[in-house]
Amino acid sequence: MGWPLLGETIGFLKPHKSNSLGSFLQEHCSRYGRIFKSHLFGSPTIVSCDHELNMFILQNEEKLFQASYPKPMHDILGKHSLLIVSGDIHKKIRSFAVSFVGMSKSSPEFLHSVETLTISMMDSWRNCKAVSFYKEAKVFALNTMMKHLLSIKPEEPIASTILEDFETFMTGFVSLPLKIPGSAYSKAVKARARLCSTVKGIITEREERNVGVTGGDFLDGILSNQSLSYDEKVSIVLDLLLAGYETTATLMALIVYFLGHAPNALEKLKEEHQGIRKCKEEGETLNWADYKKMEFTSNVICEAMRCGNFVIPSGWKVFPILTAVNFDATLHENPLEFNPWRWFDESTSKKVSPFGGGPRLCPGAELAKVEIAYFLHHLVLNYRWKTKADEYPLAHPYVQFRRGLQLEIDPIE
């Protein structure tokens with residue numbers, strides 16, 4: 001059970017290569033089996049690295065299990081966050097996230113916005129020998145969400161302010177809850193307060209000016225909804241920004257990293273996108289039908305999630321480590337190998353749960369996949385890249401790259 005109060009939390013949070021279980025889980029599973037007892041985040045905890053039990057837990061939330069986060073995380077996430085709430089409140093708030101994704105994922109406005117931002121970023125690299133890709137991915141992902149949800153353009157000063165606060169927020173999101181000045185946790189709490197203030201200011205301005213937004217009037221729908229409190233409205237906007245920023249950017253970076261080490265997969269991906277481009281006129285934009293043709297692209301996205309191991313722990317007292325099964329040799333052939341072709345076998349999707357499950361199934365999964373697929377289309381057709389020899393993703397437990405994923409890039413003529 002580890003140390004008093006801290007338990008084994010420090011060992012659990014120790015950074016490790018994200019394409020591995022890490023020494024903590026490897027040693028505990030080896031000694032005690034794939035289900036064991038520990039003390040994490042201030043609570044006695046049953047830790048499960050077993051796929052069958054994890055699925056049972058997810059499918060029985062609100063029946064046999066109640067999702068909860070340690071108290072210190074409430075101060076970072078806010079009491080109305082979709083990750084914190086449960087029961088009827090969770091269903092109500094989640095319905096707005098589902099509505100946003102449903103209205104956005106295939107809308108011409110959203111698809112055009114994603115492609116425009118993608119092309120703009122690619123063009124900005126033209127005279128560069130190298131780029132810090134993880135940073136670029138974060139800027140791209142957050143700009144996409146801010147533009148579509150809040151009508152904030154990338155060049156507006158408020159965009160860089162929001163990005164800086166989100167970076168501070170994520171650094172302290174899963175950290176030791178030390179309420180002392182200068183700690184990552186303390187900085188994260190203050191960053192969330194600033195983000196709340198910023199979003200409140202935007203919402204107030206929209207209400208006073210009665211200005212519609214480009215997100216299919218989604219924000220107007222939230223603001224006019226009488227069943228939501230003001231704080232719930234702010235929390236929904238923050239949840240959507242956070243989900244569209246951190247997980248999407250991290251997955252983009254992992255895909256680029258793994259493709260840089262898998263030339264066969266990269267060539268197959270390029271062939272798929274060359275085929276799509278050949279069917280279009282010069283300068284013609286992509287559409288929803290084009291996205292639905294990106295079958296191997298979808299496999300690449302899913303395989304990067306399996307190999308990247310980047311799901312942020314939920315801190316449940318019955319703690320399902322959903323990513324632990326990703327490297328289970330009894331479920332996956334050569335589990336450490338990046339192999340998108342494995343997803344042509346339909347049984348693979350039943351052996352992993354990268355987007356969660358049950359009531360906690362990620363509502364924005366399809367939106368993220370569309371955004372990443374569009375980005376990959378232009379990336380593989382316009383650039384070659386190499387990663388540094390000593391670069392690799394670290395689970396911290398959120399994903400970081402040792403050098404920010406520095407890429408040596410070369411435009412394709």
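Analyst: **Cysteines, salt bridges and helix contacts**

Cys128 has a relative accessible area of 27% and is therefore partly exposed; here buried means under 20% relative accessible area, exposed over 50%, and partly exposed in between, with a 1.4 Å probe and protein chains only. Cys279, at 63%, is exposed. The model is a predicted one, in which local features need pLDDT of at least 70 and side-chain atom pairs count only at pLDDT 80 or more, while totals for chains, interfaces and linings use all residues. Residues are numbered from 1 along each chain as its sequence is written, and side-chain values use heavy atoms, with hydrogens and water left out.

A disulfide is a covalent bond between the sulfur atoms of two cysteines. A search of the whole structure, with a disulfide taken as a pair of cysteine sulfur atoms within 2.5 Å, finds zero of them.

Salt bridges, by contrast, are present. The count comes to ten, where a salt bridge is a side-chain nitrogen of Lys or Arg within 4 Å of a carboxyl oxygen of Asp or Glu.

One of them joins Asp165 to Arg194, with 2.8 Å between the closest N and O atoms. Asp165 belongs to helix α8 (residues 157-173) and Arg194 to helix α9 (residues 184-209), so this pair ties together parts that are 29 residues apart in sequence. Helices (H or I, at least four residues) and strands (E, at least two) are DSSP runs, numbered from the N terminus. Asp165 is buried at 6% relative accessibility, whereas Arg194 is partly exposed at 39%.

Another salt bridge brings together the side chains of Asp290 and Lys280, 2.7 Å apart from N to O. Asp290 sits in helix α13 (residues 288-292) and Lys280 in the loop between α12 and α13, so the pair ties together parts that are ten residues apart in sequence. Asp290 is buried, its relative accessibility being 4%, and Lys280 is buried as well, at 11%. These two residues also take part in a network of salt bridges that links Lys280, Glu284 and Asp290.

A further pair is formed by Arg342 and Glu303, whose closest N and O atoms are 2.9 Å apart. It links distant parts of the chain, 39 residues apart: Arg342 lies in the loop between β5 (318-320) and α15 (365-382), and Glu303 in helix α14. Arg342 is buried, with a relative accessible area of 10%, and Glu303 is buried with a value of 0%.

The loop between β5 and α15 also holds Ser349, which is partly exposed at 46% relative accessibility.

Helix contacts come next. Two packed helices are described by the angle between their axes and the distance between the axes. Helix α12 (residues 263-278) and helix α14 (residues 295-308) have axes that come within 8 Å and cross at roughly 145°; the axes are lines fitted to C-alpha atoms, for helices over the stretch in contact, and the angles run from 0 to 180 degrees between N-to-C directions. The crossing of α12 and α14 is left-handed, a term used if the near helix is turned anticlockwise from the far one by less than a right angle, with right-handed used if clockwise. On the α12 side, Ala265, Lys268, Leu269, Glu272 and His273 take part, and they meet Glu295, Phe296, Thr297 and Val300 of α14; contact means heavy atoms within 4.5 Å. This contact of α12 with α14 has four nonpolar, two polar and three charged residues. Ala, Val, Leu, Ile, Met, Phe, Trp, Tyr, Cys and Pro count as nonpolar, Asp, Glu, Lys and Arg as charged, and the others, Gly among them, as polar.

Helix α7 (residues 133-150) and helix α11 (residues 230-260) likewise have axes that come within 8 Å and cross at roughly 145°, but their crossing is right-handed. Among the α7 residues in this contact are Phe133, Phe140 and Met145, and the α11 residues include Leu240, Tyr245 and Met252. By class, the contact of α7 with α11 has 18 nonpolar, three polar and two charged residues.

Ser151, in the loop between α7 and α8, has a positive phi of about 60° although it is not a glycine. Ser151 is partly exposed at 25% relative accessibility.
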